[in-house]
Amino acid sequence: MAKKCLGKLLLLSVSFVLLVLALTASSHAEFSVDENSTTIVKQYDSGDKIKGTLNITFDEEPDGNFSSSFNQTSISLVELLGRMGYSRGEEFSCIPKSCKVSHVKDPTEAGETSASFPLLSEATYGFELSGEDVHVIDARFSVHSNAHASCVNQLQFDLLDDGSIDFFNPNFLPTVACSEKNFGCFDPDEAEGSVVVSKGEMYCQKFELPPAPAYKIGAVLQNDEGFPDTSDKISMVVFDSTFSRMLEFFVPSLNTTSPGFSFHPTKSDEGRLVVPLVSIKNTTQVYVCIYKAATGGNETTYKIRYETTGERCGGKGGSVYSPTSDNLTDVDYEMYVQKMKYAPLDPYQIIYDDELYHKATGSVKKLARVFDDYIEEVYERNCTTNCYIPVHFKGLRQDITIEDVRIEYTTKIGSFIADKTYPLLKLKPRVSSPYITLDLEKLDFETPDVNGTREFKIYLNDREVVSEEINIHKAFDFSIGPEFARVGLSVVFRIIDSDKNVSSTEWNFGDGTPTQQVDGTSVSHVFTNSSIYNVTVSATATDGEVSTKTFEIVAGEARESANLLLDTYTKRANEFKTKFDSFPTWIKNEIKKKADIESILSELQRQRVKLTDLGNNSDEEEYVKIIDALLELDIPRDIASSESGTLNPAAQYNFIDPNLVAEISGVDASSINAEDVKNKILDWVLNNYDVQTEFSSVEIVTDSATEPVLKKYKVVASKKADAESANVYLIVRYPKENVVFKDSSATPVSLAGGQAFAMKLTQDSQTIEFFIRDTSGSTSALSLPMFVAPELSALQLASTQPPELVRPEGFKWGRFIIGMIFVLIVVFAIYIALQYWYKYNYENSLFKNKDDLYNMLNFIYNSRRAGLSDKEIRAKLKGMGWKGEQITYALKKIDGKRTGLWEIPLLSFWEKKKTRKELEKRQGGPIDKRFLSSNAGVSGSLQSPGASRALGGVGRPGPSRSSSPPGLPPRQPPRKP
């Protein structure tokens, strides 16, 4: 027990010292702004970019983001310097020189030829290279893991820690699936019949495949004619989202089983054509297609079931050699995918060399070349202060061992082999420069949509760089009319729907004519050519405020204007429909409520028929009626998303509602500790589930407004390999009547009197997709209270196993505080000892004989009494042969100032007392303490009555046995060092 406590104490001591070192290092990083040559423009309209110049210098400032107090826009320091046109190595420099992110070894850990560590979630280890002009010529290493079989990838690692996956487990269990067959959009219960698989035509179905080591891909075929002709050739091909072939399988003989295939359709039976798919590293959209060869046997008739209800993801995709996605929203066919299970990594040893790197990445580079390029890019081949090649590990909880490391490299002095592995820490590049000028407009900081004075601040690495009060002018809103004009006729355009009384206007009609300035709100103009013009109008209100806006005006003859406007609106509507059709059916129905594009297209077609019926010789009024009808249509311009992204369980910690968990668990909420339950829920989920939440918004943009439609969510919850058994729910605090699920059979449970709902997770890997109706636009997708949680009974079971990813339960704060106090005392005592050890040795190195020091102090004391300044005293002592360092030390000592390291003045009282005693011994009695200060010898202001007597002195260095002050001796030549 004593050894264990001592070990913890040592660990705390090391942690404290490292913390002090880190704080010291970070305090050195700095920037400095020259305020005299820094200017920020103070007058803006809302939405303008901040303008001005910033004169700044950097001293080993970590590469971080410039940000502002106005918005989330940011830019890194190194990127900004490049954007400004400054050159690395000339106007600024970095550590390392490449200005790239580098790594350093963890000072608390030693390198090992066989490094073992527990992987809790992520860790970075790597290899150390030293020398000048480093070139890597060979590389390989081995990794061993004890991870069990799992439905999620157990381990992946990223060479160079650059964000790319360079290895993940590609092995799978061929007989163990992680999910039921996924038929995509095909609903077996809605099957409407079967279609014949015709020769030479593709029958395709779209699927979205999340990462997996392998997939079984199947198509369910029917044969009503008995056994197939053995010469029949039916095949399956898999395309990516761009219809590039990913892989293709041919079945040469349909009544036998080929490797990887299972296909035995008989009369009144089903045949399944099944192929294993290669590993998928990232979520991938694929098209699975089947076809019969156009030549060969082909006597047997094969059919496949179909349905056209709900969302449709398939169709006849064109010919075998030129598939197309044009018709792949017509029908769904009976095809499926099935995710297989990742094989265990234990007892395999991952030998990472050129061969495995090629298999994992597809790159033809050798592993040594990859490492060599990294050394050149990041360290410019200079490893005199050590270079580190990182490997970032990520995965489930497991034990990892890195061994058999052999990184062979050459330097200026010879060849070496790196065979040890070190834990690494990521290090941002540090930037230094003299004063340089930054153009603030290139920071892309925009003023907010407000009116009045606001304080604008720029931050670098979350530290304030500069601040300035600026004035923002928010332009008032207005429109103009009409929105069309007849060519060759004077048209009066005027301000309409203005927020303010307008006194004067300025019109630029975008047709090359001069800008017109008029008093009032209207102006006449003649367009001479048919076109669509961008008309810019500046309106000045009676209070002096100015607002500038741009509008589109369609110009032409009445008939021509009607045709032009109709073509413009039809094109816009069709573009909108294309985007609309790209949405799945369950979302399209909601969008249609806001913008019934089919009705709009029908109305446009009706107006086109009317326009055609009018011919070329009708009255202009008839064409004007069509134009007016078109202008009343608020044609949507776009389907946009104002926010999208991903969330993880930890990010939703604040949304965890223990009361809802208690309700779904059938427990009285008053009997639980809410904060304790919140922590335990987060711990349990992190330990047992991988949960990722994707979110996005859908909005319709028209000429008049941006209308919010819905907020969409996709929650993917996957059990970890060793997950505890429990009833687990996705809980959302939102009324379920305003929620639409992709799976129409979803049966959420109402909670909190209908103000929340819960969905039970019934599969090891389950995807729940839904959207909430958002008619006001006030709901941010990020703010929807949503979280995954088990029933409370699971938390009690989990509490017996301390979680590894978060703080342990029952932390002994009392012992920790006492330990830290003890550590601080020890560190404090060590520093005091070091301080006085250094001071003692420094003093002995300057004055071998202590009498020399105190004689000099006595001379300084007498000189100050005589009215001499310290400058004059220093000159006299130098003339006697004393060194400047000795004189400075003596002046500081008599003043009671620090004479060495930064001092903790714990014993300064005793030092001053000893100095006074030595002076009293040489003075033969009490001394005047006023002359122990550097202010004493100024123009004789403190001169004592006895100052006229001979100065007590100090001769050249040497022993003195006299206890009384000696007289001032003649000058001595400087002694030799």
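Trainee: How many aromatic pairs does the structure hold?

Mentor: The structure holds 32 aromatic pairs. Rings of Phe, Tyr and Trp (its six-membered ring) are paired when their centres lie within 6.5 Å; planes under 30 degrees apart are called stacked, over 60 edge-to-face, and the rest tilted. Before the details, please note that this is a predicted model, in which local features need pLDDT of at least 70 and side-chain atom pairs count only at pLDDT 80 or more, while totals for chains, interfaces and linings use all residues. Residues are numbered from 1 along each chain as its sequence is written, and side-chain values use heavy atoms, with hydrogens and water left out.

Let's begin with Tyr 203 and Tyr 333. Their ring centres are 5.7 Å apart and their planes meet at 75°, so this pair is edge-to-face. It links distant parts of the chain, since Tyr 203 sits in strand β16 (residues 201-209) and Tyr 333 in strand β24 (residues 332-333), 130 residues apart. Helices (H or I, at least four residues) and strands (E, at least two) are DSSP runs, numbered from the N terminus. Both Tyr 203 and Tyr 333 are buried. Here buried means under 20% relative accessible area, exposed means over 50%, and partly exposed is in between (1.4 Å probe, protein chains only).

Phe 847 and Trp 882 make another pair: with ring centres 6.3 Å apart and planes at 40°, the pair is tilted. This one also links distant parts of the chain, 35 residues apart, with Phe 847 in the loop between α12 and α13 (850-865) and Trp 882 in the loop between α14 (870-879) and α15 (884-895). Phe 847 has 1% relative accessibility, so it counts as buried; Trp 882, at 4%, counts as buried too.

Rings also gather in a group. Phe 117, Tyr 125, Phe 127, Phe 141, Phe 157, Phe 167, Tyr 352, Tyr 357 and Phe 393 form one aromatic cluster.

Now for the wider setting. The protein has 16 helices and 51 strands, and 42% of its 977 residues are buried. Taking contacts (heavy atoms within 4.5 Å) between residues at least 6 apart in sequence, 75% join residues at least 24 apart.

Charged side chains come next. Side chains of opposite charge can pair when their charged atoms come close. A search of the whole structure finds 41 salt bridges, each a side-chain nitrogen of Lys or Arg within 4 Å of a carboxyl oxygen of Asp or Glu. One joins Asp 373 and Lys 365, whose closest N and O atoms are 2.7 Å apart. Asp 373 is partly exposed, because its relative accessible area is 22%, and Lys 365 is partly exposed at 39%. Another joins Arg 381 and Asp 372, with the closest N and O atoms 2.8 Å apart; here both Arg 381 and Asp 372 are buried. Elsewhere, salt bridges that share partners tie Lys 49, Glu 79, Arg 83 and Asp 444 into one network.

Two more residues are worth a visit. Thr 505 belongs to strand β37 (residues 502-508) and is buried, at 4% relative accessible area. Its side chain reaches the backbone oxygen of Gly 520 at 3.1 Å. Leaving out residues up to four places away in sequence, Thr 505 touches several residues, including Ile 495, Gln 516, Val 518 and Ser 538.

Lys 426, in strand β30 (residues 422-427), counts as exposed because its relative accessibility is 53%. The side chain of Lys 426 makes a polar contact with the side chain of Asp 161 (3.2 Å). A polar contact is a pair of N or O atoms within 3.5 Å; within protein, one must be able to donate a hydrogen and the other to accept it, and residues adjacent in sequence count only if both atoms are side-chain atoms. Apart from neighbours within four places in sequence, Lys 426 is in contact with Val 101, Ser 102, His 103 and Asp 161.
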